[in-house]
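This briefing covers selected side-chain contacts, backbone features and surface charge. The sequence and structure come next, followed by the points by topic.

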Amino acid sequence: MIKTSSPTSPIHIIGGGLAGSEAAWQIARRGLPVILHEMRPVRGTEAHKTDSLAELVCSNSFRSDDAENNAVGVIHAEMRLAGSLIMSCADKNQVPAGGALAVDREGFAQAVTDAIEAEPLITIAREEVSGLPPADWDQTIIATGPLTAPGLAEAIRNETGQDALAFFDAIAPIIHTESIDMSVCWFQSRYDKVGPGGTGKDYINCPMDKDQYDAFIDALIAGDTTGFKEWEGTPYFDGCLPIEIMAERGRETPRHGPMKPMGLTNTHQPDIKAYAVVQLRQDNALGTLYNMVGFQTKLKYGAQADIIRMIPGLQNAEFARLGGLHRNTYLNSPLLLDGTLQLKSRPGLRFAGQITGCEGYVESAAMGLLAGRFAAAERLGEQLAPPPLTSAFGALLNHITGGHILSDDEPGKRSFQPMNVNFGLFPPLDPGTIVRPEGGGRFRGKDKAKAKKQAMARRALVSFEQWLSTNPVEQAESPK
């Protein structure tokens, strides 16, 4: 049922992270007023350090920017086509990161904040919303992310009748570049890959021989970690698994994950193949800070610093930030939300970002973009169809609102889990879509899998552009 509220009534957004900021921007582009409620600095969180909008609290990487072979790169491209504020600010604040899009985290957050503050249709209210919005907020988006304040989280539980799920998300350490021993380490991207703004030498690599690796793994397993207390038993999201948990699951697990040595040659000892390699990625535009790739950790600070300094080249490491741990919460969205991210039990109340059960900066912002467009269309008395399932937007939205609800193994137990966008969420290709190699021969090795991804990527961008053409949005001037 379409509401008849005045188009001049503001749409309220609770949460000024990536999803909330993107939603506000999209609504303003439709010429509608927005009130963006952000509780920082009135109330802080376990992970945020500033009061900037869209602050990045974990990695500074938006991951792959390859729109031909990677689903994350595809959603990057779709967001750019849709006029995303988050992608515009990311592109303007990128730092070298091989094939990935990484950003200067402070510059990025400031750019988003400046754009939102400069938009006359957006009002920022620095206040905590401790409960569900009042009835006169007839169009509201909750984009409070994984760090939803306890009062609001409890109100959501009371409204939905569902227990909120939770998992731990760990943060990787950031190291001062000048404290890294470059007589041991070297610059190189894996397989010398040159990405956006990169040179093929975008990562600092720290080599380990087998004895060093074994000693490091022993220390990780024995390390003093943070206590769980009442959160004991809460599952981790596998895409952000602490390095010590990887080690506990198998001594070789890190060496086949973030510490894999493949595609790297030590320029100091080119004839000696490292048994394992720790990579660090540039964290700011100045290049004065590097973060440890895949080294999210819940180790206590004292043990953490000592263990990291066991890594060759990091023996004198000075930390701009040690790793940490925070609790993430998300909804059982397939049961609770409709196809427009609206709470089934309360029309006009939508959710966006990680609280919906997507994972990752770009995915969160993408759901903010959609929630903003859905809310704006409803305010204007329009019908906005969801993006096609063949697009990255549509595939991710379908996972969130139509994903698994019940487990086959445990009747009544929900199996819905946070998910990054990936080609596994996309519908299968039609028969005959993948063209055989020239000459009609067979595919060799991984060539067929690569061709399949490329076909899915092409289909996604074509279908998303078609969706955009039938759902135009007034263009606003891009942020400076």
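A residue counts as buried when its relative accessible area is under 20%, as exposed when it is over 50%, and as partly exposed in between. The model is predicted. By the nitrogen-to-oxygen rule, a side-chain nitrogen of Lys or Arg within 4 Å of a carboxyl oxygen of Asp or Glu, the count comes to 14 salt bridges.

- Arg 40 and Glu 55 form a salt bridge in which the closest N and O atoms are 3.4 Å apart.
- Both partners sit in the loop between β2 and β3, and 15 residues separate Arg 40 from Glu 55.
- Arg 40 and Glu 55 are both buried, so each has a relative accessible area under 20%.
- Asp 138 pairs with Arg 379 in a salt bridge, with 2.8 Å between the closest N and O atoms.
- Asp 138 belongs to the loop between β6 (122–126) and β7 (140–142), while Arg 379 belongs to helix α10 (residues 361–379), so this pair ties together parts that are 241 residues apart in sequence.
- Both Asp 138 and Arg 379 are buried.

- Asp 214 forms a salt bridge with Lys 210, and their closest N and O atoms are 2.9 Å apart.
- Because Asp 214 and Lys 210 are four residues apart in helix α6 (residues 210–222), about one helical turn separates them.
- Lys 210 has a relative accessible area of 42%, so this residue is partly exposed.

- Ala 54 is a residue other than glycine with a positive phi, near 55 degrees.
- Ala 54 is placed in the loop between β2 (34–38) and β3 (61–64).
- The relative accessibility of Ala 54 is 0%, so Ala 54 counts as buried.
- Leu 341, also not a glycine, has a positive phi of about 65 degrees.
- The loop between α9 (333–336) and β16 (349–351) contains Leu 341.
- Leu 341 counts as buried because its relative accessibility is 0%.

**Cysteines**

- How many disulfides does a search of the whole structure find? The search finds zero disulfides.
- Cys 89 has a relative accessible area of 1%, and therefore is buried.
- Cys 358 is buried too, because its relative accessible area is 1%.

**Strand β13**

- Tyr 290 is located in strand β13 (residues 289–292).
- With a relative accessibility of 5%, Tyr 290 counts as buried.
- Tyr 290 and Leu 280 are 10 residues apart along the chain, and their C-alpha atoms are separated by 5.7 Å.

**Surface charge**

- Which residues form a positive surface patch? The patch is formed by Arg 436, Arg 442, Lys 448 and Lys 452.
- Within that group, Lys 448 is placed in helix α12 (residues 447–470).

How values were computed:
Residues are numbered from 1 along each chain as its sequence is written. This is a predicted model: local features need pLDDT of at least 70, side-chain atom pairs count only at pLDDT 80 or more; totals for chains, interfaces and linings use all residues. Side-chain values use heavy atoms; hydrogens and water are left out. A disulfide is a pair of cysteine sulfur atoms within 2.5 Å. Buried means under 20% relative accessible area, exposed over 50%, partly exposed in between (1.4 Å probe, protein chains only). Patches are made of residues with over 30% relative accessible area and no salt bridge: like charges are joined within 9 Å, nonpolar side chains (Val, Leu, Ile, Met, Phe, Trp, Tyr) within 5 Å. Accessible areas come from the Shrake-Rupley method with a 1.4 Å probe; for residues, only the protein chains shown count as cover. Lys and Arg count as positive and Asp and Glu as negative; His and the chain ends are not counted. The place of a charge is taken as NZ of Lys, CZ of Arg, CG of Asp or CD of Glu. Helices (H or I, at least four residues) and strands (E, at least two) are DSSP runs, numbered from the N terminus.
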